[in-house]
Amino acid sequence: MNNQLGQVTQSQIYMLFTQYLFTTMLGFRLSAVVTEAGFSSWLPLLLGAFCGYVLTYISFRLAMRRPTQFFGNYGKDIVGSWLHYPLILIIIFSSLLSAAFVLRELQDFMVEVYLPETPDWAVTALISICIAYAVRSGVQTIFRCAQGIFFLSVLGMLVIPLFVVRDMNVQMTIAFFTHFNQDNIWTASYLVTALYGEMSFILFLLPYFSQPQKTMKSLVWSVISSLFIILSSLIPTLYLFGPHLTGDLIYPELELIRFIRAGSFLENLDPVLIAVWLTSLFIKISLFLYIAVIVLTQTFGLKDHKPFSLSMTAMMVGLSLFMAKSKMELAHLTVHGMVSLLILSEVIPIIYVVTDWARTSVAKR
């Protein structure tokens, strides 16, 4: 574990988190946001991204108080063991469940769209073998994978809307600034905040970063880039399908790709674009699982995370297969539990920041 300290560059951080943010939103959350906010979906995206960045900044400030130490090792010195271990357990479970959740969404997508006769467990097992190997290889491998497909992934997402420009109903533009529902906007913002607040888990990775003081600058550009990519697909989708149909679509981004007119040279390239998109999701699952493994390793004071890699992967697979019986149950779980659990784990660093600040102030006095 120690041989990877300080080896993740700021450019790798930017590339990974950019993909980390836009892949899940475009793949599995876009219809939920549009269902809540309709034409005003751009507003919850901006509000949620800002709130998520604030949560991340608080976590970053806590990490920078001891930038060369792992949080799992020193957290108990701030709040005491009696509170530290339950909070760490929540973070571990949240990371593991998040990895299982995205894996389940990926499994459902693969089986429904490309492998309809394949058993769910077979798809999950094959994907999990690759994930376990990535986690066992370490954090630098995960960041390098993101770096390797970054340009292809971003280019693919930005090029697609250009081929449907002629079919857009741009007369809907006025609706983006006139159709607002305050309650629904806040609900959608809550969903987006949970996604962007996932960046706060850098608290457990900071010792691996080179020039850690520049991390928030890299994340700012990741947030800006991801918002640009998401909006470049969201707005054309609303122009084409409208908010009601978009909210009913299971995979709006896939439907946008399939809408490209026959004869376009991208007509038969949707499997290639989907493959790049799926690779980004694979990286996100690997990072979630790695965080769960590394926090557990730090908490027990071990020097090597590899002994936990396979066992935690097996737990992730079990959660993925049995957390819900259908896509309807999975969608219900997203709104009524998963988002709140993520928010809870993301605000936990605030407790440590406040306690550490209070204890430091008392000590100075």
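Pro161 turns out to be buried, at 6% relative accessibility, where buried means under 20% relative accessible area, exposed over 50%, and partly exposed in between (1.4 Å probe, protein chains only). The model is a predicted one, in which local features need pLDDT of at least 70 and side-chain atom pairs count only at pLDDT 80 or more, while totals for chains, interfaces and linings use all residues. Residues are numbered from 1 along each chain as its sequence is written, and side-chain values use heavy atoms, with hydrogens and water left out.

Pro161 sits in the loop between helix H6 (139-159) and H7; helices here are DSSP runs (H or I, at least four residues; strands are E, at least two), numbered from the N terminus. Setting aside residues within four places in sequence, Pro161 has Met168, Ser232, Ser233 and Pro236 as its contacts, a contact being heavy atoms within 4.5 Å. Then there is Ile257: 96 residues separate it from Pro161 in sequence, yet the two C-alpha atoms are 8.3 Å apart.

Arg29 itself counts as buried, at 12% relative accessibility. Beyond its neighbours up to four places away in sequence, Arg29 touches Thr24, Phe101, Glu105, Leu191 and Thr334. Most of H1 is covered too, with 23 of its 28 residues buried.

The backbone oxygen of Gly38 is 2.5 Å from a polar side-chain atom of Ser41. Ser41 belongs to the loop between H1 and helix H2 (42-64) and is buried, with a relative accessible area of 1%. Leaving out residues within four places in sequence, Ser41 is in contact with Val33, Val34 and Leu234.

Another positive phi, of about 50°, belongs to Gln211, even though this residue is not a glycine. Gln211 lies in the loop between helix H7 (182-196) and helix H8 (215-248), and is partly exposed at 41% relative accessible area.

Apart from neighbours within four places in sequence, Phe17 is in contact with Phe143, Met199, Ile202, Leu219, Ser222 and Leu287.

On to the cysteines. The disulfide count comes to zero, going by a pair of cysteine sulfur atoms within 2.5 Å. Cys145 is in no disulfide, and the nearest cysteine sulfur, that of Cys130, is 10 Å away. Cys145 is partly exposed, at 32% relative accessible area, and Cys51 is also partly exposed, at 34%.

Methods
A polar contact is a pair of N or O atoms within 3.5 Å; within protein, one must be able to donate a hydrogen and the other to accept it, and residues adjacent in sequence count only if both atoms are side-chain atoms.
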